[in-house]
Amino acid sequence: MNTWNYTNKPDFILMGLTDSKEIQLVLSVLFLLIYLVTVLGNIGMMLIIRLDVQLHTPMYFFLTHLSFLDLSYSTVITPKTLKNLLTSSKNISFMGCFTQMYFFVLLAATECFLLSSMAYDRYIAICNPLHYSVVMSNRFCSTLLTGSYVFGAVDSTVNMICMSALDFCNSNVIHDFFCDTSPVIALSCSNTHDIEFIIFIFAGSTLLLSLITISASYVSILSTILKINSTSGKQKAFSTCASHILAVTIFYGTMIFTHLKSNKSFSLGKDQVASVFYTIVIPMLNPLIYSLRNKEVKCAVRRVMKKREKALDN
């Protein structure tokens with residue numbers, strides 16, 4: 001039996017989503033369109049927030065970085081997936097595979113904590129509005145953002161240290177379209193129990209801590225909204241949270257489905273569909289959710305367009 005690890009590095013082979021050439025072509029066109037919308041949507045969101053002074057608030061500060069994270073982790077996965085669909089070469093180097101895995105876990109874990117920071121921002125805005133500008137200061141927002149990246153980096157580094165300790169035997173075929181933790185661990189001929197447990201604890205802690213923060217924030221928000229007497233007041237308060245609730249539900253639903261279970265129970269069908277959703281589709285959905293359901297963003301787009309028209313006229 002040939003055993004190899006990070007000190008002896010043959011290429012992995014990404015099997016992708018299907019062997020059918022026709023389906024590969026359809027998927028490549030679909031993923032390319034989704035990626036283009038993702039790039040344009042997230043860059044557009046960042047530019048609108050940057051150009052419109054009225055959006056220079058804590059909520060949109062976090063939303064700018066959410067767009068950056070979505071754009072980044074889509075870029076970590078989608079271009080390589082498109083290359084594999086459009087060419088006969090499905091190889092990815094050992095270092096390339098682990099680099100892709102590192103940045104994906106880093107960005108996904110960071111997004112978990114960023115979403116919890118956004119929930120806390122909404123909690124202060126609705127439950128403690130008089131102190132909002134004091135509590136959500138530029139310094140505090142920067143601290144929350146930095147903390148999100150630090151926790152994401154810790155999660156990803158621990159994941160990478162655990163994965164680099166694995167030995168792999170004859171099979172180097174990854175039954176997925178990118179280097180995710182579960183299908184790579186499934187190839188290992190080492191005893192993966194301890195490593196799976198450590199990865200589970202860190203991934204579970206990331207999801208659990210951020211979910212507790214989000215849940216506690218929204219329980220308090222709901223309690224406050226129910227105390228508002230006017231219907232219009234309730235609708236206004238709820239509308240400020242609706243986009244975030246939808247984004248959180250989609251993101252955490254697919255993350256929990258694919259990661260909080262044994263890596264050895266990796267399933268080609270359901271897990272791959274969920275993986276496509278949160279790696280390729282969700283980064284496209286977030287800017288649509290926050291723009292189409294957000295009057296402030298729509299008004300900001302109009303203001304930026306009018307300002308541009310005036311500049312061209314002059």
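**View 1. Cys179 is buried in this predicted model.** Its relative accessibility is 1%, so Cys179 falls under the 20% limit for a buried residue. Cys179 is bonded to Cys97 in a disulfide, with 2.1 Å between the two sulfur atoms. Cys97 counts as buried too, at 0% relative accessibility. The link between Cys97 and Cys179 is left-handed, with -125° about the S-S bond. Because Cys97 sits in helix H3 and Cys179 in the loop between E3 and helix H6 (181–185), the pair ties together parts 82 residues apart in sequence. A search of the whole structure turns up 1 disulfide.

**View 2. Cys112 takes part in no disulfide.** Its nearest cysteine sulfur belongs to Cys162 and is 18 Å away. Cys112 is buried, with a relative accessible area of 1%. For Cys162, the closest cysteine sulfur is in Cys97, and at 16 Å that is too far for a bond. Cys162 is buried as well, at 8% relative accessibility.

**View 3. Helix H3 packs with helix H5.** Here residues 94–127 (H3) meet residues 138–164 (H5) at an angle of about 145°, and the axes are 8 Å apart. The crossing of H3 with H5 is right-handed. Have a look at the residues of this contact: 17 are nonpolar, 8 polar and 1 charged.

**View 4. An open sheet is formed by 3 strands.** Their order is E2-E1-E3, with mixed pairing. E2 (91–92) and E3 (173–174) are the edge strands, each with a single partner, so one side of each has no neighbour in the sheet. E1 (residues 12–14) pairs with E2 in the antiparallel sense over 2 bridges. To find your way into that pairing, look for Ile13, whose bridge partner in E2 is Asn91.

How values were computed: Residues numbered from 1 in each chain as written. Predicted model: local features only at pLDDT ≥ 70, side-chain atom pairs only at ≥ 80, totals over all residues. Heavy atoms only, no water. Axes fitted to C-alpha atoms, helices over the stretch in contact; angles between N-to-C directions. Helix = DSSP H or I, 4+ residues; strand = E, 2+ residues; numbered from the N terminus. Left-handed = near helix turned anticlockwise from the far one by under 90°. Nonpolar A, V, L, I, M, F, W, Y, C, P; charged D, E, K, R; others polar. Pairing = 2+ DSSP bridges. Disulfide = S-S within 2.5 Å. Buried < 20%, exposed > 50% of the residue type's maximum accessible area, 1.4 Å probe, protein only.
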